[in-house]
Amino acid sequence: MVVPFRPRHPDMKPVETMRKFFGDDYYICRFQNPGEIEEEMAQVGAKEVLRGILTTRRPGPPILPKGQAFRARPGSPSSLPSWLSEEDLSYFASKYEQKGFTGPLNYYRSMDLNWELTAPWTGVQVKVPVKFIVGDADMVYTTPGVKEYVNGGGFKKDVPFLQEVVIMEGVGHFLNQEKPEEINTHIHDFIRRF
């Protein structure tokens, strides 16, 4: 769901490549310096950071300009979507207030290390049955080049047992929360087939 498999490029580290294509303010690039983005998040507060992450619907790569990364911007929704209650948002925020954002951010900080560790799998295809589900308003799917890769044959070349691509209309990055029943049905039906 959401993020399609992309093969490991043997000569291009992920963060360096993303910086080249999307700039220093691209979210993954902004996450690289420990403490920096956490400080910006602390200034805004966990609840507002999560509100922005969970509710923002802008096409293209997620850009986080320094000093204004998680502040409300024009086009930001004034109310929560139907799938996210104020109670849920408060609960999620309380957990991040206790533990902080460093743990989840470290996933992005380890991308180049993971790239180094996966060198033996360069060129390997994913050879298990796959069903890929994404929302048409997803920030990853609307990043330049991703739709073309998913729908133009590149994804199928790298994942030859790709059974189906489902593009859900009006759905963003958190499709399992936005459309839980539909997602459960897709997963259940796929598992039953195999």
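This is a walk through the structure, stop by stop, with what to select and what you will find there.

**Before you click**

The model is predicted, so to speak of local features a pLDDT of at least 70 is needed, side-chain atom pairs count only at pLDDT 80 or more, and totals for chains, interfaces and linings use all residues. Residues are numbered from 1 along each chain as its sequence is written, and side-chain values use heavy atoms, with hydrogens and water left out.

**Stop 1: the largest nonpolar core**

Start by selecting Ile-28, Ile-37, Met-41, Leu-54, Phe-70 and Phe-101: of the 26 residues in the largest nonpolar core, these touch the most other members. A nonpolar core here is a set of buried Ala, Val, Leu, Ile, Met, Phe, Trp, Tyr and Cys residues joined through side-chain atoms within 4.5 Å. Buried means under 20% relative accessible area, exposed means over 50%, and partly exposed is in between (1.4 Å probe, protein chains only).

Colour by helix next. The elements giving two or more residues to this core are α1 (14–22), α2, α3, α4 and α5. Helices are DSSP runs of H or I with at least four residues, strands are runs of E with at least two, and both are numbered from the N terminus. Which helix gives the largest share of this core? That is α4, with four residues.

Now zoom in on Ile-28. Leaving aside neighbours within four places in sequence, Ile-28 is in contact (heavy atoms within 4.5 Å) with Val-15, Met-18, Tyr-108 and Met-111. Apart from this core lies another, of 10 residues, among them Val-134, Val-146, Tyr-149 and Leu-162.

**Stop 2: helix α4**

Select residues 46–55, which make up helix α4. Its buried residues are Ala-46, Val-49, Leu-50, Arg-51, Leu-54 and Thr-55.

**Stop 3**

Arg-30 sits in helix α2 (residues 27–30). Is this arginine buried or exposed? Arg-30 is buried, with a relative accessible area of 2%. Its side chain and that of Glu-40 are joined by a polar contact of 2.3 Å. For that term, read a pair of N or O atoms within 3.5 Å; within protein, one must be able to donate a hydrogen and the other to accept it, and residues adjacent in sequence count only if both atoms are side-chain atoms.

A salt bridge is a side-chain nitrogen of Lys or Arg within 4 Å of a carboxyl oxygen of Asp or Glu. Setting aside neighbours within four places in sequence, the contacts of Arg-30 also include Asp-24, Asp-25, Ile-37, Leu-64, Pro-65 and Ala-69.

**Stop 4: other salt bridges**

The whole structure has 12 salt bridges. Pick Arg-109 and Glu-38, whose closest N and O atoms are 2.9 Å apart. Arg-109 is in helix α6 (residues 102–109) and Glu-38 in helix α3, so this pair ties together parts 71 residues apart in sequence. Both ends are buried, Arg-109 at 16% and Glu-38 at 15% relative accessibility.

For another setting, select Arg-192 and Asp-189, a salt bridge of 3.9 Å, N to O. They are three residues apart in helix α11 (residues 180–193), separated by about one helical turn. Arg-192 is exposed at 61%, and Asp-189 is partly exposed at 35%.

**Stop 5: the rings**

There are 11 aromatic pairs in the structure. Rings of Phe, Tyr and Trp (its six-membered ring) pair if their centres lie within 6.5 Å; planes under 30 degrees apart are stacked, over 60 edge-to-face, and the rest tilted. Tyr-91 and Phe-92 have centres 6.2 Å apart and planes at 65°, so the pair is edge-to-face. Phe-190 and Phe-194 are tilted, at 5.0 Å centre to centre and 55° between the planes. In that pair, Phe-190 is buried at 16%, whereas Phe-194 is exposed at 53%.

Then select Phe-22, Tyr-26, Tyr-27, Phe-31, Tyr-107 and Tyr-108, a cluster linked by ring pairs.

**Last stop: arginines over rings**

Finish with Arg-6, over the face of Tyr-149 at 4.1 Å from the ring centre, and Arg-8, over the face of Trp-115 at 4.3 Å from the ring centre. A charge sits over a ring if NZ of Lys or CZ of Arg is within 6 Å of the ring centre and within 35 degrees of the ring normal.
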